[in-house]
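Please keep the sequence and the structure in view while reading.

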Amino acid sequence: MKDTSGFSFRSRLKSFRYAFNGMRLLILQEHNARIHFVAAIIAILMGYILNLTSAEWCLLTLVIAGVFIAELINTAIENLCNVVQPDYHEKIKVVKDVSAAAVLLAALSAVIVAMILFIPKIICLF
């Protein structure tokens with residue numbers, strides 16, 4: 001239910017705390033999110049080492065965020081499905097598979113962008 005008591009900085013700060021808790025739960029409870037997290041750290045380190053331009057950093061940031069956004073939504077959908085239908089159900093399987101496909105597409109896109117950004121810079125080093 002929506003709070004209609006008006007704006008307060010305290011409630012805004014609480015919403016940030018809830019959001020950060022959601023990220024913490026994602027990293028702690030989802031194995032694939034840990035893999036994405038490590039990949040993101042590696043990509044950021046490579047970007048620093050290879051001296052990415054501002055535009056390249058923007059692109060890298062967007063694809064990393066896209067992967068985590070997809071993973072967060074997928075996790076929320078899967079958890080909701082598990083509450084709504086704890087037992088196997090074919091339509092729930094479809095929902096979970098489709099949301100997992102969104103994460104896969106985001107991750108593959110991120111890999112392609114990383115290859116486009118990093119491979120030419122790595123080649124120039126040799």
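## H36 and its surroundings

Apart from neighbours within four places in sequence, H36 is in contact with V67, F68, E71, V103 and A107, where contact means heavy atoms within 4.5 Å. H36 is found in helix α2; helices (H or I, at least four residues) are DSSP runs, numbered from the N terminus. With a relative accessibility of 16%, H36 counts as buried. The class buried means under 20% relative accessible area, exposed means over 50%, and partly exposed lies in between (1.4 Å probe, protein chains only).

One of these contacts is also polar: the side chain of H36 makes a polar contact with the side chain of E71, at 3.1 Å. A polar contact is a pair of N or O atoms within 3.5 Å; within protein, one must be able to donate a hydrogen and the other to accept it, and residues adjacent in sequence count only if both atoms are side-chain atoms.

## Basis of the description

The model is predicted: local features need pLDDT of at least 70 and side-chain atom pairs count only at pLDDT 80 or more, while totals for chains, interfaces and linings use all residues. Residues are numbered from 1 along each chain as its sequence is written, and side-chain values use heavy atoms, with hydrogens and water left out.

## The nonpolar core

The largest nonpolar core has 19 residues, of which A43, L60, V63, I64, F68, L117 and F118 touch the most other members. Helices α2 (31-49), α3 (54-84) and α4 (90-125) each supply at least two residues of this core, and α4 gives the most, with 7 residues. A nonpolar core is defined as a set of buried Ala, Val, Leu, Ile, Met, Phe, Trp, Tyr and Cys residues joined through side-chain atoms within 4.5 Å.

F68 has a list of contacts of its own. Leaving out neighbours within four places in sequence, F68 is in contact with M23, L26, I27, A33, H36, F37 and A40.

F37, V38, I41, I42, I44, L45, Y48 and I49 make a nonpolar surface patch of about 820 Å². Patches are made of residues with over 30% relative accessible area and no salt bridge; like charges are joined within 9 Å, and nonpolar side chains (Val, Leu, Ile, Met, Phe, Trp, Tyr) within 5 Å. The accessible areas come from the Shrake-Rupley method with a 1.4 Å probe, and for residues only the protein chains shown count as cover. L45, a member of the patch, lies in helix α2 and is partly exposed, with a relative accessible area of 49%.

## Salt bridges

Side chains of opposite charge can pair when their charged atoms come close. A search of the whole structure finds 2 salt bridges, each defined as a side-chain nitrogen of Lys or Arg within 4 Å of a carboxyl oxygen of Asp or Glu. The side chains of K121 and E56 form one of them, at 3.3 Å from N to O. Because K121 lies in helix α4 and E56 in helix α3, this pair ties together parts that are 65 residues apart in sequence. K121 counts as partly exposed at 21% relative accessibility, whereas E56 is buried at 18%.

A salt bridge also joins the side chains of D97 and K93, at 2.5 Å from N to O. D97 and K93 both lie in helix α4, 4 residues apart, about one turn of the helix. D97 is partly exposed at 40% relative accessibility, and K93 is likewise partly exposed at 34%.

## The loop between α2 and α3

N51 lies in the loop between α2 and α3. Its phi is near 55 degrees, a positive value in a residue other than glycine. At 61% relative accessibility, N51 counts as exposed.

## Distances between parts of the chain

Q29 lies in helix α1 (residues 9-29) and counts as exposed, at 52% relative accessibility. The C-alpha atoms of Q29 and T75 are separated by 9.7 Å, and these residues are 46 apart along the chain.

S109 lies in helix α4 and is partly exposed at 33% relative accessibility. Its C-alpha atom is separated by 9.7 Å from that of I64, 45 residues apart along the chain. A114 also lies in helix α4, and at 17% relative accessibility A114 counts as buried. Between A114 and G66, 48 residues apart along the chain, the C-alpha separation is 13 Å.
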